[in-house]
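Please read them with the structure open.

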Amino acid sequence: MSLSRKSPIILEYLRKRQMLDLLTTGKRLDGRNLDELRKLEIDFDVIKKADGSAQVKLGNSEVIAGIKVETGEPFEGLEHKGALIVTAEVLPTASPFIEPGPPDEDTIELARVVDRGIRESEMVDLEKLVLIHGKIVYTIFVDCSIINADGNLFDATSYAVISALTSCKLPIFEIQDDVVINTGNKKDPPITTLPVSITAIKIGDTILLDPTSEEESCMEARITITTNSNGEYTAIQKGSTGSFTLDQIKYVADIARNKGEQIREKIKELMKS
Amino acid sequence: MNETILIDESGKRTDGRSIDELREIKLTIGVLKKANGSAFIEFGKNKIIVAVYGPREVHPKHMAQPDKCVLRCRYHMSPFSTDTRKNPAPSRREIEISKVIREALEPAVVLEDYPRAAIDIFVEVLQADGGSRCAGITAASVALADAGINMRDLVAACAAGKINNKIALDINDVEDKEGSADMPVAYLPNLEQITLLQLDGILNKSQFTECLEKALQGCKMVYEIQRKALMEKYFGNDLSLDDENTEEIKE
């Protein structure tokens, strides 16, 4: 059952006052502007045992995404498509408030929102990943481990997933005498677009992008908007217990397109180097 | 890609509606005798029952908050509610929807009025037909009102989406599966606040604005139905609903 809880991070009174005072002048505790994102660093192919992987640092938030490709049955009703499964786990290493155990609703929401961003944008052309229609298809697992949590896990995880997916190599499977054979060769995945999510939160009437965990502990509402390479919207999730006006949502939607494009270029640039 | 035809030449959808039309909504309040508040909604083929218990003591006690009430919400689908049997154990989807329903309702509830207490909302989907989270929020909001809980506004919810490249109101089950976008929205109509917004599917910039505004229009239509249902329950069927009459009642 879902229940309202206090943020486990309780900001010291003076620190909170300082943050709120700064926000009225359009500045933040770490010196950023309201619409400024933290530094994004990506290391590709960090896990050699995986078919693809990426380690993303967004400020102090740190996520590793690893890809494993197997064969299996397609999902019911999607017999003409390969399967893509995105999971996320916030490791106990990430913050003093995380305990090992089954995922809580926040983690489930995180994994589902990241998964929705990838799936709904049709980033991977899954129709090209079918071996026997309705029987055997490629199954791509993208598993994300959040190893350090300092806010905006939605975007950090989403960037890790798209970085790992674009840089992965799929093993080539073939069917010989009704048996699946791994040929030992590899191919590039059929990537069609690069979906990028941008998360904003609302504190008072101020909208700020890419929040830290300190900022998230004071937020009233959160919104994550994913855009694809054509600047189209592919997934949205409003979260937390506050609300937005129509104008605030339109404002974030516009910013999400611009900032999304910047992140997309940045990821492409990092991939080349 | 050959898309299924969801809008025919005369502009009618698979269930005979136009693109700006809601499914038929039937909202009954106070259907459960033991609950503090309850509502039953038929939203197209959706059949959803909502019970509200509370404000009541919190168990376990350490969950209680000194300054406000704890709102708890469970969205659950009955095993017989879908085409193939649904495993009764809560799925990841249900856990997420429980969370977004709670977050959609919470801005409307005056939690500060009930410190150290809990309010429980149980949303049970008996028959599912697409848009069950919106129907659930709509019913839960009137069930909260029926329980006499202090609220800032009602919460009305409705989805809009894209089918055959047109923006349509209130997406049903077939349109959700075959269509290309679905955007559920919950709205506080008097405070003009959006408390739930999700999207899956692809919309360009102008479609996004059109879709969001159409969903808000739908929410306002749903709000009128909620208001009417509450008036009927508490002031009887014979009263007309214009504001003049409601003023008289207050006096």
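Predicted model: local features only at pLDDT ≥ 70, side-chain atom pairs only at ≥ 80, totals over all residues.

1. Aromatic pairs. Over all chains, a search of the whole structure finds 3 aromatic pairs. One of them is formed by Y138(A) and F173(A), whose ring centres are 5.3 Å apart. The planes of these two rings make an angle of 55°, and the pair is tilted.

2. What the pair connects. Y138(A) belongs to strand β7 (residues 136-148) of chain A, while F173(A) belongs to strand β8 (residues 170-176) of chain A. The pair therefore ties together parts that are 35 residues apart in sequence. Both Y138(A) and F173(A) are buried.

3. Charges over rings. In chain A, K202(A) lies over the face of F244(A), 5.9 Å from the ring centre. In chain B, the charged end of K233(B) sits over the ring of Y234(B), at 5.4 Å from the centre of that ring.

4. Helix geometry in chain B. Helix α1 (residues 92-105) of chain B packs against helix α2 (residues 132-146) of chain B. Their axes are 10 Å apart and meet at an angle of about 45°, so α1(B) and α2(B) are oblique to each other. The crossing of α1(B) past α2(B) is right-handed.

5. Residues between the helices. Which residues of α1(B) meet α2(B)? On the α1(B) side they are R93(B), I97(B), I101(B), A104(B) and L105(B). Their counterparts in α2(B) are S132(B), R133(B), I137(B), A140(B), S141(B) and L144(B).

Notes:
Residues numbered from 1 in each chain as written. Chains lettered and ligands numbered in written order. Heavy atoms only, no water. Phe/Tyr/Trp six-rings, centres within 6.5 Å; stacked < 30°, edge-to-face > 60°. Helix = DSSP H or I, 4+ residues; strand = E, 2+ residues; numbered from the N terminus. Buried < 20%, exposed > 50% of the residue type's maximum accessible area, 1.4 Å probe, protein only. Lys NZ or Arg CZ within 6 Å of the ring centre and 35° of its normal. Axes fitted to C-alpha atoms, helices over the stretch in contact; angles between N-to-C directions. Parallel < 35°, antiparallel > 145°, perpendicular 65-115°, else oblique. Left-handed = near helix turned anticlockwise from the far one by under 90°. Contact = heavy atoms within 4.5 Å.
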